[in-house]
Amino acid sequence: MMQPGPRNLITDVAGLAVGNAEDHRLKSGVTAIVCDPPATAAVQILGGAPGTRETDLLEPHNTVQTVDGIILSGGSAFGLDAASGAQAALREMGRGFAIGPHRVPIVPTAILFDLINGGDKDWGQFPPYRELGYEAVRNAAPTFMTGSAGAGTGALTATFKGGLGSASVVLPNGVTIGALVAVNALGSVTVGSSRHFWAAPFEQQDEFGGLGLPHPMPADASDIRTKMGANLKAAANTTIAVIATDAVLTKAEAKRLAVAAHDGFSRAIWPAHTPLDGDLIFALATGASGKTLELADFLDLGATAAATMARAIARGVYDAKAAENDPVPSWSGSG
């Protein structure tokens with residue numbers, strides 16, 4: 001059932017493109033998911049310290065049914081400016097919610113904290129995220145960089161560099177599901193002091209090293225490893241993500257998909273959903289397959305969403321690259 005799509009990226013879901021923009025001196029960046037046509041959307045927030053824009057409208061009882069894109073950004077609250085740049089780019093494309101003669105692009109946004117990661121944050125009067133948001137939308141394409149790119153550029157975990165990860169699955173019924181995540185967790189994505197990923201049971205085709213789970217499990221496997229005990233600030237956290245499908249879903253069903261995908265956080269990060277993480281998942285349903293789901297198929301979709309999210313989290317850390325002044329090593333450079 002876990003057959004990856006042709007790119008093994010969220011863009012295997014028809015109707016989606018992804019663009020990155022980053023500044024490696026800043027050690028931060030922005031990732032844009034562009035929906036063409038607009039997609040049904042929802043959100044589930046389970047972390048205790050979120051930073052968001054335009055998430056209230058995603059609740060099933062509210063009026064707007066679809067969104068033009070989603071922004072994931074570094075920069076803590078400064079990164080919320082990325083949505084303004086994204087709106088500007090989408091408006092130039094003639095996109096947006098029609099109100100009389102005007103169009104208002106709908107771009108819900110979430111941020112992670114990457115201000116204390118060794119990058120130069122002396123940006124002057126205004127932060128650069130509006131321009132990065134604009135650039136990210138303009139860069140949107142079917143293929144994109146993962147690891148130290150976009151919103152994952154300056155991401156960190158308790159033990160290794162974080163990063164931008166993605167994965168996809170084509171289910172036997174022809175429905176595609178994809179995940180995109182910027183991994184900046186307070187906790188760890190690897191087992192104890194090893195390099196084995198918690199997400200190993202869901203790995204496909206050695207996509208994050210093929211190490212499997214350690215055997216036997218190390219004595220420190222259950223130790224709680226967080227940035228509280230590292231040379232980092234405990235507040236420098238948050239994993240933000242998008243789960244997407246080409247199935248036809250209502251807003252309420254998209255909300256349930258976002259809830260299910262959070263199990264992928266729990267499978268891949270220990271601990272997750274802490275008071276110091278702003279963990280959230282946006283859900284998108286493009287409807288491009290034309291398929292509506294019976295209950296049994298929706299159960300499979302939710303379980304697969306969690307597995308795909310866990311894989312994307314591991315891939316984000318696996319693909320990250322070392323850079324000057326990094327406070328923790330990259331996974332690829334640690335072995």
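Tutor: A nonpolar core is a set of buried Ala, Val, Leu, Ile, Met, Phe, Trp, Tyr and Cys residues joined through side-chain atoms within 4.5 Å. With that idea in hand, and bearing in mind that this is a predicted model, we can turn to the case here.

Student: Which residues of the largest nonpolar core touch the most other members?

Tutor: The largest nonpolar core has 40 residues, and those that touch the most other members are I243, L249, L257, I281, L301, M309 and I313. At least two residues of this core come from each of β8 (163–170), β9 (176–183), β10 (240–245), α3 (251–268), β11 (280–285) and α4 (295–319), and α4 gives the most, with nine residues. Apart from this core lies another, of 30 residues, including L9 and L112.

Student: Is N8 buried or exposed?

Tutor: Buried means under 20% relative accessible area, so N8, at 10% relative accessibility, counts as buried.

Student: What does the side chain of N8 reach?

Tutor: The side chain of N8 reaches the backbone nitrogen of S168 at 3.0 Å, and it also makes a polar contact with the side chain of E207 (2.8 Å). Among the other residues that N8 touches are R311 and R315.

Student: Which residues lie nearest the centre of the largest pocket?

Tutor: Of the 13 residues that line the largest pocket, H24, T146, S148, A149 and K321 lie nearest its centre. The lining has four nonpolar, four polar and five charged residues, and the volume of the pocket is about 180 Å³.

How values were computed:
Residues are numbered from 1 along each chain as its sequence is written. This is a predicted model: local features need pLDDT of at least 70, side-chain atom pairs count only at pLDDT 80 or more; totals for chains, interfaces and linings use all residues. Side-chain values use heavy atoms; hydrogens and water are left out. Buried means under 20% relative accessible area, exposed over 50%, partly exposed in between (1.4 Å probe, protein chains only). Helices (H or I, at least four residues) and strands (E, at least two) are DSSP runs, numbered from the N terminus. On a 1 Å grid over the protein atoms alone, a cavity is a set of points where a 1.4 Å probe fits but cannot get out, and a pocket is an open set with protein on both sides within 12 Å along at least five of seven lines; lining residues have an atom within 4 Å of a point. Grid points are joined across faces, edges and corners, and a volume is the space filled by probe spheres set on the points. Ala, Val, Leu, Ile, Met, Phe, Trp, Tyr, Cys and Pro count as nonpolar, Asp, Glu, Lys and Arg as charged, and the others, Gly among them, as polar. Contact means heavy atoms within 4.5 Å. A polar contact is a pair of N or O atoms within 3.5 Å; within protein, one must be able to donate a hydrogen and the other to accept it, and residues adjacent in sequence count only if both atoms are side-chain atoms. Lists of a residue's contacts leave out its neighbours within four places in sequence.
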